[in-house]
Amino acid sequence: SGSIIIDQGASKAVNNNKSLLPAGLVDIKGRFDRGDVITILNIHNTKIGIGVVAYSSSDTKKIIGKNSKNIKEILGYEGRNEIIHKDDLVKVI
């Protein structure tokens, strides 16, 4: 199963029960499909949550660090603004 690594700002967002946007992504590990439950890691490689991902690992790679409004242009289809929506995200602290 895969995981995503997120920056400091995105880690704060997770702690504040907010959705994860592609702009906060630093890297991804492993492979996953849309709808898979993946691990959320901070920049110190600490697991801070799990969530249902809205994009496959190959599509997620293409939008790492990008603004949500550019997703359609980059991927060629209209997807969610969030990599993981707050309703599909569980913190593990």
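Predicted model: local features only at pLDDT ≥ 70, side-chain atom pairs only at ≥ 80, totals over all residues.
**Stop 1: the core.** Start by selecting Ile4, Ile6, Leu20, Ile40, Tyr55, Ile83 and Ile84, the residues with the most contacts inside the largest nonpolar core, which has 20 residues. Then colour strand E1 (3-6), helix H1 (8-15), strand E2 (25-29), strand E3 (37-41) and helix H3 (71-75): each of these elements gives two or more residues to this core.

**Stop 2: Ile40.** Now centre on Ile40 and show what surrounds it. Beyond its neighbours within four places in sequence, Ile40 is in contact with Ile4, Ile6, Leu20, Ile84 and Leu89, among others. Its contacts also include Thr46, Lys47, Ile48, Gly49, Ile50 and Gly51.

**Stop 3: helix H2.** Time to turn to charged side chains; the structure holds four salt bridges. For one of them, select Lys62 and Asp59, whose side chains meet at 3.5 Å, N to O. Both sit in helix H2 (residues 57-63), three residues apart, so about one helical turn separates them. Show the surface here too: Lys62 is partly exposed at 46% relative accessibility, while Asp59 is buried at 14%.

**Stop 4: around Arg80.** Next, pick Arg80, which is partly exposed at 33% relative accessibility. Which residues join Arg80 in one network of salt bridges? Glu82 and Asp88 do, through bridges that share partners. Draw the distances to see both: the closest N and O atoms are 3.5 Å apart for Glu82 and Arg80, and 3.4 Å apart for Arg80 and Asp88. Glu82 is buried, at 16% relative accessibility, whereas Asp88 is partly exposed, with a relative accessible area of 27%.

Note on methods
Residues numbered from 1 in each chain as written. Heavy atoms only, no water. Core = buried A, V, L, I, M, F, W, Y, C linked by side-chain atoms within 4.5 Å. Buried < 20%, exposed > 50% of the residue type's maximum accessible area, 1.4 Å probe, protein only. Helix = DSSP H or I, 4+ residues; strand = E, 2+ residues; numbered from the N terminus. Contact = heavy atoms within 4.5 Å.
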